[in-house]
Amino acid sequence: MGEDISRTDYSDADFKAYADRVAGQREELERLLVEWPFDLAHPRAGMEVELNLVDAEQRPALVAKEVLGAINDPQFVHELGKFNIELNLPPRALGPTGLSAFYEMLRSTLNDADQRAGGLGARLAVIGMLPTLTEDDLGPDSLVENPRYTMLDSELRRRRGGPVRIQLPGTELADGIDFTTIAPEAACTSHQIHLQVAPEQFAAYWNASQAIAGVQLAMGANSPFFAGRLGYAESRIAVFDQATDDRSAQEQAEGARPRVWFGDHWIGSPLELFDENTDWRPLLPDLEEEQAGDGPPPLRALCLLNGTIYRWNRAVYDVAGGAPHLRIENRVLPAGPTSLDMVANLALYAGLTRALADQEHPAWSEEGYAIARDNFTAGQTHGMAAELSWPGIGTVAAATLVREQLLPLAAAGLQSYGVEAAEVSRYLGVIENRAAAGVNGATWQTAAVAARERAGEDRSRALRGMVEDYLTLQRSGLPVHEWER
């Protein structure tokens, strides 16, 4: 959800005072990185999963408030849309059996929440973008009434100076759809991985995260439909990008950086990312006083600005248990299809980043950053059918690259975390079998809708039928590559 704010009526003076506070806290962070003992315990991972709520007709159910009341669990919070909620699992160590602990916690928590939502006639859909959402579902009435979201919506629209236009060239969305609010952002539900790292290792892990983002999308794509139209394998990336773009038409023409940004270079320090944040005008200039006490400062203003710069791999400063820490928030992946699939995606990410970060002479340091960015574009556009480039190998099919080159690296990385061999085999085996079958959530959804349309169903009916089957198979617990096709 992001941090709440206290009001929405900010003046130009508030924006100036906030910018000054951010600059001061950036200096505090630099001092902390040198002087303060950061939490360097056995590295931990965390997980957020954004969820859709659907009714008996597989349509969005605008009952988030009521469902959260029925679930009655602080791990679940509001998201942007009234048809969204978010699950935040507590962090834990990855080894030796941390992956299975994540899986059991995620599976049981989602199952219990789904049963409670059922009492209100709703179900949880863990899917990158709900295919049955229509243009009419993404209007002002679909947004949660919350000062943070009200301010984000008004500021983004005011700065853009025009409608939110969602347009995916070369797809059924090529002509574009205009919206009057940022509600299309609510259509984008993600599986976000948090990986705690030591400050001196942060740059290596962040660079590794950028290098494998295209691989993550190719293997994990699960968002082929938006507003009833077929887009990219992972349309969520482009929809989120466009829904939160606050640049005017002139700024876009001049090449100003978008608020959703892959980046344009490798980094040498986490401070580089926090420094770049000042290139963007704040959206939420909240000046609420901080209560640090005798412990490390929360740096609230710095973190609030950071939370509105939507990098696909974001640097996060936080304080827990009286100690500060840094973590990478990996925002590349869509939600779903199953708990097992999501933990397998976590295993691939954690293992690969560890292996790449630990290399004495990282291959990616010698390659142009543009290659990683091109892989990111290929992964979101083509998913499992993507062709990806890799240092020392060249361009190769994503599934081949993963099976022959990257899975052994990921296995070595997980073993470095102390993950037991059986755990490594179980979760990376899901990725291997997914690649061998050529099936991820996006390929399954697309094929299922195409089969229904060939049988004579129109698009709306085919999407509802596909989502109904998806939810049934999701509840079976089988990974997506084993779903009937």
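**Salt bridges.** I looked up E234 and R236, and both are buried. Buried here means under 20% relative accessible area, exposed over 50%, and partly exposed in between, with a 1.4 Å probe and protein chains only. The side chains of E234 and R236 form a salt bridge, at 2.6 Å from N to O. For a salt bridge I require a side-chain nitrogen of Lys or Arg within 4 Å of a carboxyl oxygen of Asp or Glu. By that rule I get 27 salt bridges.

This is a predicted model, so I kept local features to pLDDT of at least 70 and side-chain atom pairs to pLDDT 80 or more, while totals for chains, interfaces and linings use all residues. Numbering runs from 1 along each chain as its sequence is written, and side-chain values use heavy atoms, without hydrogens and water.

Next I checked D245 and R247, whose side chains meet in a salt bridge at 2.8 Å, N to O. D245 counts as buried at 8% relative accessibility. R247 is buried too, at 14%.

Then I took E27 and R26, which pair at 3.3 Å, N to O. Which of these two is buried, and which partly exposed? R26 is buried, with a relative accessible area of 15%, and E27 is partly exposed at 46%.

**R259.** I found R259 in the loop between α8 (249-253) and β10 (260-261). Helices (H or I, at least four residues) and strands (E, at least two) are DSSP runs numbered from the N terminus. R259 is buried, with a relative accessible area of 0%. What does its side chain meet? The side chain of D246 is joined to that of R259 by a polar contact of 3.0 Å. A polar contact is a pair of N or O atoms within 3.5 Å; within protein, one must be able to donate a hydrogen and the other to accept it, and residues adjacent in sequence count only if both atoms are side-chain atoms. A polar atom of the R259 side chain also lies 2.7 Å from the backbone oxygen of R281. Beyond four places in sequence, the contacts of R259 (heavy atoms within 4.5 Å) include L156, R159, W280 and Y310.

**Helix α13.** I traced α13 (residues 398-416) and noted a kink of about 50° at L406, shortly before P408. The bend is the angle between axes fitted to the seven residues ending at a residue and the seven starting there. L406 is among the buried residues of α13, as are L407 and A410. The buried residues of α13 pack against several elements, including α3 (98-118), α11 (339-358) and α14 (421-437). Just after α13, G418 has a positive phi of about 85°.

I counted two cavities of 30 Å³ or more. The largest cavity has a volume of about 50 Å³. Its lining includes W206, W261, H265 and Y369. α5 (199-211) and α9 (271-276) are the elements that give two or more residues to that lining.

I used a 1 Å grid over the protein atoms alone: in a cavity a 1.4 Å probe fits but cannot get out, a pocket is an open set with protein on both sides within 12 Å along at least five of seven lines, and lining residues have an atom within 4 Å of a point. Points are joined across faces, edges and corners, and a volume is the space filled by probe spheres set on them.

The second largest pocket has a volume of about 360 Å³. Of its 19 lining residues, I237, A238, D241, T377 and Q380 are the closest to its centre. α12 (369-382) gives the most to this lining, with five residues.
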